[in-house]
Amino acid sequence: MLLVLVSVGTFIGGSLGGKWFADAPGAEQGDWSAGTLGAGAGPGPSASGAELLFLGWISAFALVGAVLLIAAAARTPRAFRARVAAGRVAAEGVWSRGWCCARCAVVHFAAGPGMTLQEFRGTVWSAGGYGELAEVYRVSGATVDPATDRPRAGR
C-alpha cells in the first residue's frame, strides 16, 4: 500500500507542478500556473516540466514494485494450498491410523512404538510430501518427552 501511495502522490505532484498535461486538449495554460488551479497569471515552472520528470520515474517504479509485491503475495498462499492438496490423501491415510493419548501426549499406532506429537507431525507431513515444514511449524504445548519430565516440587 505504501508503494501505491508513493506512486499516486508523486504522479499528482509531478503533474501539477511540472505541467505535464498543459498541452493536453482542453487544458488552459492559466489553469496550471504556479501549481495552483485558477491562479491564472503567475510565473510557473518551465513549459516542459523537465526538472520534475524524476517524479514520473519514481511514480512508475513505485507502481511496478507494488504490482510485483501484490502478485507475489497472491501467488504464495495459492502455491502452498496446491502443494498441501496434492499430498492430502496420503497424509490423511497415515494420520487416520494413529491414536493420540491426550494424557501422555504420545501418538500410538497398532504396530510400532509410540511417537511424540512432533514426530507424528513429521511422519504425516512427510507422507504428504511437505515434511520439511514440520521443523518450521513445530508443535506448541507439550514438547518435552513425558517419560523424561522432571517431577514437580512438593510431590
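## A quick tour of the fold

The protein chain comes to 5 helices and 3 strands, and this is a predicted model. Reading along the sequence, you get the pattern α-α-α-β-β-β-α-α. The protein chain has 155 residues, of which 24% count as buried. As for how the chain folds back on itself, take the contacts with a separation of 6 or more: 44% of them come from residues 24 or more positions apart.

### Helix 3 against helix 4

Let's start with the pair formed by helix 3 (residues 88-97) and helix 4 (residues 117-128). Their axes are 6 Å apart and the packing angle is about 145°. The crossing of helix 3 past helix 4 is right-handed. On the helix 3 side, the contact is made by Ala90, Ala91, Val94 and Trp95, while helix 4 brings in Phe120, Thr123, Val124, Ala127 and Gly128. Sorted by class, that contact has 7 nonpolar residues, 2 polar ones and no charged ones.

Leaving out residues up to four places away in sequence, Val124 touches Ala91, Val94 and Trp95.

Which residues make up the largest nonpolar core? There are 9 of them: Ala91, Val94, Val107, Phe109, Met115, Phe120, Val124, Tyr130 and Leu133. Helix 3 and helix 4 are the elements that give two or more residues to this core. As background, nonpolar side chains tend to be buried together in soluble globular proteins.

Arg121 also lies in helix 4. Its relative accessibility is 24%, so Arg121 counts as partly exposed. Once residues up to four places away in sequence are set aside, Arg121 touches Ala134, Tyr137, Arg138 and Val139. Arg121 and Trp95 sit 26 residues apart along the chain, and their C-alpha atoms are separated by 8.7 Å.

Ser7 is found in helix 1, which covers residues 2-18. Is Ser7 buried or exposed? Ser7 is buried, because its relative accessible area is 4%. Apart from neighbours within four places in sequence, Ser7 is in contact with Ser59, Ala62 and Leu63.

Ala60 belongs to helix 2, which runs over residues 53-86. With a relative accessible area of 37%, Ala60 is partly exposed.

### The cysteines

How many disulfides turn up in a search of the whole structure? The search finds 0 disulfides. Cys100 is in none, and the nearest cysteine sulfur, from Cys101, is 7.0 Å away. Cys101 is in no disulfide either; there the nearest cysteine sulfur belongs to Cys104, at 3.4 Å.

In terms of accessibility, Cys100 is partly exposed, with a relative accessible area of 41%. Cys101 counts as buried, because its relative accessibility is 15%.

Here are the relative accessibilities side by side:

| Residue | Relative accessibility | Class |
|---|---|---|
| Ser7 | 4% | buried |
| Ala60 | 37% | partly exposed |
| Cys100 | 41% | partly exposed |
| Cys101 | 15% | buried |
| Arg121 | 24% | partly exposed |

How values were computed
Residues numbered from 1 in each chain as written. Predicted model: local features only at pLDDT ≥ 70, side-chain atom pairs only at ≥ 80, totals over all residues. Heavy atoms only, no water. Disulfide = S-S within 2.5 Å. Buried < 20%, exposed > 50% of the residue type's maximum accessible area, 1.4 Å probe, protein only. Axes fitted to C-alpha atoms, helices over the stretch in contact; angles between N-to-C directions. Helix = DSSP H or I, 4+ residues; strand = E, 2+ residues; numbered from the N terminus. Left-handed = near helix turned anticlockwise from the far one by under 90°. Contact = heavy atoms within 4.5 Å. Nonpolar A, V, L, I, M, F, W, Y, C, P; charged D, E, K, R; others polar. Core = buried A, V, L, I, M, F, W, Y, C linked by side-chain atoms within 4.5 Å.
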